[in-house]
Amino acid sequence: MSIRSVAYALAAALAVAAGGCATASTSDDATAVDLASGGHVRILSAYLRAGPDEAVVRGMVRADPLWRGPVSGHLHIAAYGRDGEVLVRRTARWSGRLSTRPGAASVAYQAKLGVPRAQVDRLAVAYAPGVHKASESSQ
């Protein structure tokens, strides 16, 4: 048996093992997330807080590293049920200021959805420019 054959066999075994690990870690209560960055804001993450209580979305955003100027805006968050209907819409603002300095840290955001976590099957988080208008519906 040549060294090349052993390398191919080892690579195949690792691929099968890694695939098994990825499959084993998937849970039934995983929530799909759609992120839509925009403007000068990058949405890095979004997830539902663990637990049986009310659904709470948390995540991280940061300013586009190539932008040199003020960063404003807010986030539109929508939660969808299993059949695709919109359960609730909320708006959120990140905590603190988004810095445009090189190497600046990301900042957190959070929004209470007001529905049981078990009902939420998919989340959509999108950047919206400007200040949230009082006339915009968040329900």
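D64 is buried in this predicted model, with a relative accessible area of 18%; buried here means under 20% relative accessible area, exposed means over 50%, and partly exposed covers what lies in between (1.4 Å probe, protein chains only). As for where D64 sits, its place is the loop between strand 3 and strand 4. Strands (E, at least two residues) and helices (H or I, at least four) are DSSP runs, numbered from the N terminus. Setting aside residues up to four places away in sequence, D64 touches H40 and R42, a contact being heavy atoms within 4.5 Å.

With R42, D64 goes on to form a salt bridge, at 3.6 Å from N to O. The term stands for a side-chain nitrogen of Lys or Arg within 4 Å of a carboxyl oxygen of Asp or Glu. R42 belongs to strand 2 (residues 41-48), while D64 is in the loop between strand 3 (54-63) and strand 4 (74-80), so the pair ties together parts that are 22 residues apart in sequence. R42 itself comes out as partly exposed, at 35% relative accessibility. Side chains of opposite charge can pair when their charged atoms come close.

How many salt bridges turn up in a search of the whole structure? The search finds 2. One of them links R122 to D34, and here the closest N and O atoms are 2.6 Å apart. Because R122 is in strand 7 (residues 122-128) and D34 is in strand 1 (residues 32-36), this pair ties together parts that are 88 residues apart in sequence. R122 is partly exposed, at a relative accessible area of 28%, and D34 counts as partly exposed too, at 36%.

Now for the chain as a whole. Its 1 helix and 7 strands run α-β-β-β-β-β-β-β from the N terminus on. Among contacts with a separation of 6 or more, 65% come from residues 24 or more positions apart. The chain has 139 residues, and 27% of them count as buried. Its accessible surface comes to about 8800 Å², with 57% of that belonging to carbon and sulfur atoms. Such areas come from the Shrake-Rupley method with a 1.4 Å probe, and for residues only the protein chains shown count as cover.

A word on the basis of these values: residues are numbered from 1 along each chain as its sequence is written, and side-chain values use heavy atoms, leaving out hydrogens and water. As this is a predicted model, local features need pLDDT of at least 70 and side-chain atom pairs count only at pLDDT 80 or more, whereas totals for chains, interfaces and linings use all residues.
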